[in-house]
Amino acid sequence: DERFDFDHTVINHRDITASTDLSRYNVMVVTGKPTGNDKFYEKVGRWVKEGGTLILNRGAYTFVEKAGLGKIEKSSSDGIDGVILQTSIKKSSPLFWGCAESTLPVYKMAAGTFSWEGAAVPAKYTDSPYVSGYCSDENKAEIAGSAAVMTKECGDGCVIFFADDMN
């Protein structure tokens, strides 16, 4: 935000109520596991369908279903406390414009993979993703070829989902 000099507003999700005007925003980033009532999720889901872009990371995957935007499926596994894995990226995706290489290493903090029917996958783990850190052979096999980033159009808007921390 400071480096690229663009305006942003930090809003606690608990402050988004039925009377909150979201139309002045074009992007919303949700991390962690937000808690809200049905009205909150309904409001954000409607905002996305009307043209908003919702960016989520792994902890917020249930947000999609609660907001009426589809359902991201998660497999559950154990045994990853931090590992560097290689992804294959689609440089034609606006998310990766400017990347010189077609692969990108990412830091994965937890096991499990995600899928979303009908979603585009601009980044996925390679068939042999292991680079460094501890990862069981079982987890390496499960993660190989799975989605690292998924995008899906929802009405006039879209959802961008990162399977890991976005840092």
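The points below take up the conventions, then the charged pairs, then the aromatic rings.

1. This is a predicted model, in which local features need pLDDT of at least 70 and side-chain atom pairs count only at pLDDT 80 or more, while totals for chains, interfaces and linings use all residues. Residues are numbered from 1 along each chain as its sequence is written, and side-chain values use heavy atoms, with hydrogens and water left out.

2. Four salt bridges are found in a search of the whole structure, the term meaning a side-chain nitrogen of Lys or Arg within 4 Å of a carboxyl oxygen of Asp or Glu. One of them joins Asp 164 to Arg 58 at 3.9 Å, N to O, and this pair links parts of the chain 106 residues apart.

3. Relative accessible area is 5% for Asp 164 and 15% for Arg 58, while Lys 108 has 1%; each is buried (under 20%, with exposed over 50% and partly exposed in between, for a 1.4 Å probe and protein chains only).

4. Five aromatic pairs are found in the whole structure, ring centres of Phe, Tyr and Trp (its six-membered ring) having to lie within 6.5 Å, with planes under 30 degrees apart counted as stacked, over 60 as edge-to-face and the rest as tilted. Phe 114 and Phe 161 have centres 5.0 Å apart and planes at 65 degrees, so this pair is edge-to-face, and both residues are buried.

Definitions and conventions
Helices (H or I, at least four residues) and strands (E, at least two) are DSSP runs, numbered from the N terminus.
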